[in-house]
Every structure is written in structure tokens, then in C-alpha cells.
Amino acid sequence: MLPAITVIGIEFAFLVGGLVVTEQVSDLNGIGMLFVQSVSRNDFTLIQALVMAGRWLLCRHQLVVDLLYARVRPAHRYA
């Protein structure tokens with residue numbers, strides 16, 4: 001079960017990282033398109049906000065993965 005949780009955690013990071021490419025190829029409007037537009041307009045404040053929001057999302061997801069580790073296998077509990 002632990003390897004499956006690890007793979008899900010890694011794949012989620014790749015999913016968020018590929019968001020820009022997916023939205024550009026599919027011509028969808030979303031966070032990825034907003035990020036590309038802010039880069040082309042040199043809107044550094046929006047770029048920083050989007051990067052911070054993405055990092056917050058990934059850190060929160062990693063916390064959930066770590067908590068799942070502790071739930072699935074109690075020997076991996078943290079001090």
C-alpha cells in the first residue's frame with residue numbers, strides 16, 4: 001500500500017506541473033492559461049502569487065501523503 005501512496009503523491013505533482021501544457025494544448029481557460037498570460041505581460045505579482053499558491057497546494061498534498069503513511073503503517077509514526 002505504501003508504494004501506491006508514494007506513486008499517487010508523485011503523480012499529483014506531475015499533474016500540477018503539467019497543467020500549463022495541458023491547458024495550452026487543449027485551449028482551455030484556467031490557472032495554466034492565467035500563468036502564461038501573466039508571464040507574457042510581465043505581471044510579476046501575479047506570477048509570484050500563482051507560484052506560491054501552487055507550492056502551498058503541493059505542500060498540503062505532501063502533508064496528506066505523510067499522514068496516510070502514518071495511518072496505513074503505524075511503525076512509520078513521526079516523533
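Predicted model: local features only at pLDDT ≥ 70, side-chain atom pairs only at ≥ 80, totals over all residues.

Student: What makes arginine 71 count as exposed?

Tutor: Arginine 71 has 71% relative accessibility, so it counts as exposed. You'll find arginine 71 in helix 4, and its C-alpha atom is separated by 39 Å from that of valine 36, 35 residues apart along the chain.

Student: How do you know what counts as a helix?

Tutor: Helices are DSSP runs of H or I with at least four residues, strands are runs of E with at least two, and both are numbered from the N terminus. On that count the chain has four helices and zero strands, running α-α-α-α from the N terminus on.

Student: Why is the chain called more spread out than a compact globule?

Tutor: Its radius of gyration is 16 Å, well over the 12 Å that the globule rule gives for 79 residues, so the chain is more spread out than that. The radius is taken over C-alpha atoms, and the rule is 2.2 Å times the number of residues to the power 0.38. Along the principal axes, the C-alpha atoms fill a box of roughly 50 × 25 × 10 Å. Buried residues make up 18% of the 79.

Student: Is histidine 61 called buried or exposed?

Tutor: Histidine 61 has 19% relative accessibility, so it counts as buried. Histidine 61 lies in helix 4. Leaving aside neighbours within four places in sequence, it is in contact (heavy atoms within 4.5 Å) with Ile8, Gly9 and Phe12.

Student: And what is alanine 49 called, with a relative accessible area of 43%?

Tutor: That value makes alanine 49 partly exposed. Alanine 49 is also in helix 4, residues 44–72. Its C-alpha is 18 Å from that of asparagine 29, which is 20 residues away in sequence.

Student: How do you know that glutamate 23 has no salt bridge?

Tutor: A salt bridge is a side-chain nitrogen of Lys or Arg within 4 Å of a carboxyl oxygen of Asp or Glu. For glutamate 23, which is buried, the nearest side chain of opposite charge is arginine 41, 13 Å away, so there is no salt bridge. As for charge, Lys and Arg count as positive and Asp and Glu as negative, with His and the chain ends not counted. Glutamate 23 sits in helix 2, residues 19–26. Not counting residues up to four places away in sequence, glutamate 23 touches Leu28, Asn29, Gly30, Ile31, Gly32 and Met33.

Student: What makes aspartate 27 worth a look, with its phi of about 55 degrees?

Tutor: Most residues other than glycine have a negative phi. Aspartate 27 is not a glycine, yet its phi is positive. Its place is the loop between helix 2 and helix 3 (31–40), and at 60% relative accessibility it counts as exposed. Asparagine 42 also has a positive phi, near 60 degrees, and isn't glycine; its place is the loop between helix 3 and helix 4.

Key. Residues numbered from 1 in each chain as written. Heavy atoms only, no water. Buried < 20%, exposed > 50% of the residue type's maximum accessible area, 1.4 Å probe, protein only.
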